[in-house]
Amino acid sequence: MRVIVADDVMLVRSGLARLLTDAGVQVTGEAPDADALLALVDRDRPDAAVVDIRMPPTHTDEGLVAARRIRAGYPGTAVVVLSQYLEPRYAQRLLADQPGGLGYLLKERVTDIAVLVDALRRVSEGECVLDPTIVARLLQRRRPDSPLTQLTSREREILALMAEGRSNLAIATELSISERTVEAGCAQVFRKLNLEPSPDLNRRVLAVLTLLRA
Amino acid sequence: MCGVAVLLAALTVPLAAHLLAGPSLAVAAAGLVPPAVVPWLLVGAAPRAAAGLAAASVAALLPYWSAWEPLPAAVRAGVLAAPPLALIGLVAARLDRRARAAAGLAAAASLVHLAGYNPFGDVGCAWLCADAGTAPTATRTVVLVSSLLGVAACAVVPDRPAAAVLAVALGIRLWDPADPDLTVAGRVLAPVAVALAAGLLWLRVARRRAAVAGLVRDLSSGAAPATFAMPEADRWVDAAGHEVAAPDDATVIAEPTGPAVALTTPRHTDPAEVVAGLSAGSRLALGNARLLAVTRRRLADLRAGQRRVVAAADAERRRIERDLHDGAQQRLVSAALHLRIARSGTDESAHAGLDAAEEEIRLALAALRHLAHGLVPAGLLDEGLAAALRELGANSDVPAELDIRCPAHLPDHVTLAAYALIAVALGSAAPSRTARIVVAEEGGTLAVRVEMSTDAEDLPERLSDATDRIGAAGGDVKLIDTDRPTVTVEATIPCA
């Protein structure tokens, strides 16, 4: 898998590149800001990019804007945005239109490189990955009009892991249940969220979107 | 000018006394004027009235010079026609239209008199007395016309008290029984002149009273045409406390400490007289109005100061948050990354220690995020109040029903104040009932209303920070909790 790393702090950038390389990912370039990132993406056409949300000049949401531009201009390149912001607002903004091929992880997640590599792999396959902490926050909501209220606690767990980008097998392992039970649970979640039958991947992305909007 | 008039009058008195066997009562009275006028002029207490009296004494006494035989006949005829010209002395200091009109009328009166009645240059009645029967009629007509012109001149003189005194003087002269030729016209004109003088004075007093009454009425309704000086600073404010430019054409009432009130009086009134006509009560009201205006200004200044303090605190908080994100947090992430890199180069015996260090960093990052995450969410000011409130509602444990009708972008301090209030209120609400949040902007004021159910006894304390923000923005907060657990928090915030 070919990946570009964009972060304005050199030490973070190089450390991240080093860890990704150690994990078997090919890092084709490193960018200190959004413009350099877009230039590298245009040149290398990588499978994915890891982008810090805060980059020069304003250090607010440059990474978010760049991610959406990459997804619009280079459909073959998936993006994982690393963010300091716990508020779901930014995740909502990133994933509002087309969540497929996009991921939103909290920055500190990078130390667990396996999670990041897994997320990169999933987004490059067209899935959507959301940070577990933010998923937990979203699921804390107790809105009476939300379709999430109809889910059982087991179904909520399945949805949460689904939103984190886990496969059915990983969910089964995590919850210590059979993969078949997970599949049944997923079907229940899709039904309760009124997601029409469609390819499984698409429905998983839509389920995350429902969670974000609920 | 007044000095010259006084000098002329003073010279005239002994002359008249010398030439006339028995000076009339009018002459005696007029002769008393100059000595009375002099001290007024000297102390400057009532210069306008003094000038009027001086001009009047000249007008009344100047004709007596005509009895001095050594003077050339033309001069003797001239002094007979001179009285109305005394008016010119009154208006000489002015250049406005009315002063010119008064001077013109006075000159016309003298010319008519001089041309139509000249007992010295026309001894044989060469001009007018060809038919002896018509002479008195023609003379009376001339004098009547001349006198009417003189009275008309008095009527347009801007200095009303002086003109009134002069009109009376002209009337007395015409009425003077020592001048048999003029008695008939004089007996007609004297009351007219006196009535005119009285009318002018009455008009003046009436206008002044109306102006004072209007001022008092405006004062009680808070719409006085006045601006007020801020103490100890060269600043002027209107009744509402808004800063205005220093008054140019208004009358300034000063206090020992400096200017206090600038009053704009109605047209056709003398500002000094209006000010003098204010009763003690009106002055007190004016002082009160000033106090109120000054207090309003001070309050506005104070709120502006409070807003600056709040804004500075917010800016500082944002700076700290940014520093934490861009500084400490980045370094911690970087340290964790390098720990992870170091881990791959060590054998398993070192992993436990490295894992512990990594866990510490993870905890530090979580603590940092908690620290940096303030009451006000990032993006509130960029995305606007409505978007932030929807986000707040969506993430709240309390089900919330939002009704938001406000512009996308409000002033920053209004957005922050409204958000802070709603966030704290919603954070104190019990999840058992749907909270209702209404935000509406109307007529430059943002009205915020949160209806909810809560058992938080310390709600006022929780709301105090938001209440301070709203107070600094010039708004206020009302907490209605008589029907607990149902509580309504209401606030209005001016958007200016």
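Analyst: Across the interface of chain B and chain A, the rule finds 1 salt bridge. A salt bridge is a side-chain nitrogen of Lys or Arg within 4 Å of a carboxyl oxygen of Asp or Glu. The side chains of B:Glu383 and A:Arg93 meet in a salt bridge, at 2.6 Å from N to O.

A word on the ground rules. This is a predicted model, where local features need pLDDT of at least 70 and side-chain atom pairs count only at pLDDT 80 or more, while totals for chains, interfaces and linings use all residues. Residues are numbered from 1 along each chain as its sequence is written, chains are lettered from A and ligands numbered from 1 in the order in which they are written, and side-chain values use heavy atoms, leaving out hydrogens and water.

Now the whole interface. Chain B gives 31 residues to the contact and chain A gives 34. Contact means heavy atoms within 4.5 Å. The two chains bury about 3000 Å² between them, with 51% of it on carbon and sulfur atoms. Buried area is the accessible area (1.4 Å probe) that two parts lose on being put together, summed over both. On chain B, the trio B:Gln330, B:Leu337 and B:Arg369 supplies 20% of the area that this chain buries against chain A, more than any other three residues.

Which elements of chain B give two or more residues to the side that touches chain A? They are helices H12 (280–344), H13 (348–372) and H15 (385–395). Helices (H or I, at least four residues) and strands (E, at least two) are DSSP runs, numbered from the N terminus. H12(B) gives the most, with 13 residues. By class, this side of chain B has 11 nonpolar, 11 polar and 9 charged residues. Ala, Val, Leu, Ile, Met, Phe, Trp, Tyr, Cys and Pro count as nonpolar, Asp, Glu, Lys and Arg as charged, and the others, Gly among them, as polar.

The axes of H4(A), residues 88–95, and H15(B) come within 11 Å and cross at roughly 110 degrees. Axes are lines fitted to C-alpha atoms, for helices over the stretch in contact, and angles run from 0 to 180 degrees between N-to-C directions. H4(A) and H15(B) are therefore roughly perpendicular to each other. Angles under 35 degrees count as roughly parallel, over 145 as roughly antiparallel, 65 to 115 as roughly perpendicular and the rest as oblique. H4(A) makes the contact with A:Pro88, A:Arg89 and A:Gln92, and H15(B) with B:Ala388, B:Glu391 and B:Asn395. This contact has 2 nonpolar, 2 polar and 2 charged residues.

Chain A has a helix pair of its own to compare. H8(A), residues 168–175, and H9(A), residues 179–192, pack at an angle of about 110 degrees, with axes 8 Å apart. H8(A) and H9(A) are therefore roughly perpendicular to each other. Among the residues making the contact are A:Leu169 and A:Ile171 of H8(A) and A:Val182 and A:Cys186 of H9(A). Here the classes are 5 nonpolar, 1 polar and 2 charged.
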